[in-house]
Amino acid sequence: MEKSPVPLAVLISGRGSNLKAIVEAIEGGRLRARIAVVISNRGDAPGLAFARDQGIETRVMPHGDHATREEYDGALAAAIRSYDVRLVCLAGFMRRLGPAFCAAFPNAILNIHPALLPAFPGMNAQRQAFEHGVKLAGVTVHFVTPELDAGPIVMQASMPVLDADTADSLADRILKLEHEIYPQAIQRILDGGWAVDGRRVTFRTATP
Ligand code: GRF
């Protein structure tokens, strides 16, 4: 169990509502961490302004500044390393991260995806699920590997799809669930006592 807040890096590309949920969980004492840096690949990401308002250090690292994915990933990894963070939390970061980046932070990069993986990876997962007609929707927090939305699963939560739902109302309710689950999953990983065995993440203690 961690005694003092451990440093996190949060990577965003847009709105930043999951970033906000992480900040609120920290402020509410539900997540014993601090955000050392928020990095966005887009200078106009609204989440950046939120982070600045909170007094959190921000960096803009546009992927267009680098000729190749490998170069970008290398620069991103170097920047993150300089903050000596325990975990890298992707929160709507809309860039694939290559093998070298993933290897630089083994079992230390988390992502949240708005579907019950392995169903509906990729973009617009909530709409994919809605249009498929699933009766249970949900969210997945997983370790990041170079394969899109395919890393070992840390935590999932589900909720019923209502007959009255539209794709938008479903996406709204999924987002609320994301905001509950992501800080919980981050704390669970920071608490330790887990292992990754192939695709399976197992915990020594029961899920709270
Ligand atoms: C969320 O739906 C998240 O699951 C997905 O991207 C979206 C980011 O939203 N990976 P926000 O920027 O956190 O509001």
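1. On a 1 Å grid over the protein atoms alone, a pocket is an open set of points where a 1.4 Å probe fits, with protein on both sides within 12 Å along at least five of seven lines. A molecule sits in a pocket if more than half of its atoms lie within 2 Å of its grid points. By these criteria the ligand sits in the largest pocket.

2. The model is predicted: local features need pLDDT of at least 70, side-chain atom pairs count only at pLDDT 80 or more, and totals for chains, interfaces and linings use all residues. Residues are numbered from 1 along each chain as its sequence is written, and side-chain values use heavy atoms, with hydrogens and water left out.

3. Around the ligand are Arg15, Gly16, Ser17, Asn18, Gly92, Ile112, His113, Pro114, Gln126 and Glu178 (a residue is near if one of its heavy atoms lies within 4 Å). This shell comprises two nonpolar, six polar and two charged residues, with Gly counted as polar. Because domain 1 (1–105) and domain 2 (111–208) both contribute residues to the shell, the ligand lies between them; the bounds come from an automatic or database domain assignment.

4. Polar contacts are pairs of N or O atoms within 3.5 Å. A polar side-chain atom of Ser17 is 2.5 Å from a ligand oxygen atom, and a backbone N or O atom of Gly16 is 2.8 Å from an oxygen atom of the ligand. A polar backbone atom of Ile112 lies 3.0 Å from a nitrogen atom of the ligand. Taken alone, the ligand exposes 370 Å², of which the protein buries 87% (Shrake-Rupley method, 1.4 Å probe).

5. Two backbone features deserve a look. The peptide bond from Leu117 to Pro118 is cis, with omega near 10°. Asn107 has a positive phi, near 50°.

Note on methods:
A polar contact is a pair of N or O atoms within 3.5 Å; within protein, one must be able to donate a hydrogen and the other to accept it, and residues adjacent in sequence count only if both atoms are side-chain atoms. On a 1 Å grid over the protein atoms alone, a cavity is a set of points where a 1.4 Å probe fits but cannot get out, and a pocket is an open set with protein on both sides within 12 Å along at least five of seven lines; lining residues have an atom within 4 Å of a point.
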